[in-house]
Amino acid sequence: MTVGMINANPVVHERPERAAHPAHAALDALDVFDTVRDIKDPEHPYSLEQLSVLSQESVSVDEKLGHIQITFTPTVQHCSMATVIGLCLRLKLMQNFPPHFKIDIKVAPGSLANEESVNKQLNDKERVAAALENPNLRQLVDDCLCSDHSSSY
Amino acid sequence: MDGGGAAELRETHRLTGHADRAWSLAWNPNPGAGAGPVLASCGGDKTVRIWKRAPDGVWDCSDVLDGVHERTVRSCAWSPDGKLLATASFDGTTAIWEYSGGDFECVATLEGHDNEVKSVSWSQSGSLLATCSRDKAVWIWEVQPGNEHECVAVLQGHTQDVKMVQWHPILNVLVSVSYDNTIRVWADDGDDDWHCVQTLTEAGNSGHSSTVWSVSFNQKGDRMVTCSDDCTLKIWDTSVDLSQPTTGEGHESWQHLSTLSGYHGRTIFSAHWSSEDIIASGAGDDAICLFTEEKSTMVEGPSYRLILKKEKAHDMDINCVRWCPQDPRVLASASDDGTVKLWELRGNVLD
């Protein structure tokens, strides 16, 4: 675990108004975004949305193919928290959507110095499974998920 | 059994019991005289389950091996004589189980890897074990009397976690596959000194461009198949003289023969070669594919063709496929959906 903050002074945005979201059967990008937008950043008392790590444009869903893709943007080029954020996103989606959905999680192109290796790690399910069995890492992830303020739906 | 007609993979049994994803499978190669086939499965619920076919054809879970591994049991392997089962776990240990007095008992725990053990394999004689881990190392253990195991080599070479180890079916030659995209071949120099004799890479050998998840040999031992996160299977061929099996000499001779691409849409986690030379693959697209060598195009060299693709074979990713040694038309598959399925291959596959 790193000592000191990776990004001590992040830019924080207002929590935007929630778009009215009519109830419907088909899963769409807004459903997915609503599920993950309030995940807390591992370093800061702000949500991933407030830090612009995520926006609605980060999510794409192909319900027919059962495929969810999230592309997030770490706040700094050398963010060692990117893998933790990726784990949070994956766990939250696994907990909230039918298990048959295929989930791909990536960092936005050019947003990280070690983009390729982070993307590979985030999508290796064996490494993800092992990480989620690691008590310290799991605690960190659970804290980010528990302290979210998802109340709007 | 073959009444002619198109090849078909028919689901015959669905084995339920695992409370989490099923990672891996192993058929007992030697279940004993008069006994039916025996299958071991292991998974994220930290258990191993033993499945047996009763004389009336019904499959039941006869034993649950638990209370030893503290984390996911990633893979399992029977000793060649069928008496011992080795299990590799994310808890960093490999356990050896023996069936005695009507029960499976853990008779040894192999410790040494820094973190998750991902795979375990017995050599053809049963005298050596290999294990591999996220710590990038491959360990070779010598099986000694009294359930003692001595580490005889720690093989460094891979630059990332090692996903699977598999002994050659005839020789004391070991193959490991890794997250570093390479395949490594290890042999001893006749003096118990183990070396990497060949590394198969994308640039140098038309190898894989992403994580290699699995490797399987054909029965003869002159070919192997690997599968990868790059969504391809690759067939490798060796010209080595298998009748001179004493040393590792000449085992740097594996060559790329064929790449099977376009059949799976997501990571291929498992490939297995049957004694009838049918290759099964299971992948993250929930599908199982079967391939065989195309005999009619020998003028242009060997090639492999798809026999069939079974879409939606499971509800989720398929992590392991294994042909039954006693019945080469029976295939077992293990999935993230927690089930193990048994399949029967019917119809004409060879034309």
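Visitor: In which sense do strand E2 of chain A and E3(A) pair, and over how many bridges?

Guide: Strands of a sheet pair through backbone hydrogen bonds, either parallel or antiparallel. Here strand E2 (residues 67-72) of chain A and E3(A) pair in the parallel sense, over 6 bridges. Two strands pair if DSSP finds at least two bridges between them. His67(A) has Lys102(A) as its bridge partner in E3(A). Mind you, this is a predicted model: local features need pLDDT of at least 70, side-chain atom pairs count only at pLDDT 80 or more, and totals for chains, interfaces and linings use all residues. Residues are numbered from 1 along each chain as its sequence is written, while chains are lettered from A and ligands numbered from 1 in the order in which they are written.

Visitor: What is the strand order in the sheet, and which are the edge strands?

Guide: The order is E1-E2-E3 (chain A), an open sheet of 3 strands with mixed pairing. Strand E1 (59-62) and strand E3 (102-107) of chain A are the edges, each pairing on one side only.

Visitor: Which helix lies across E1 and E2 of chain A?

Guide: That's helix H1 (residues 29-36) of chain A, running at about 135° to E1(A). Angles run from 0 to 180 degrees between N-to-C directions, with axes fitted to C-alpha atoms, for helices over the stretch in contact. Contact needs C-beta atoms, placed from the backbone, within 7 Å.

Visitor: How many helices and strands are there in chain A?

Guide: Chain A has 5 helices and 3 strands, running α-β-β-α-β-α-α-α from the N terminus on. Helices (H or I, at least four residues) and strands (E, at least two) are DSSP runs, numbered from the N terminus.

Conventions:
Two residues are in contact if their C-beta atoms, placed from the backbone, lie within 7 Å.
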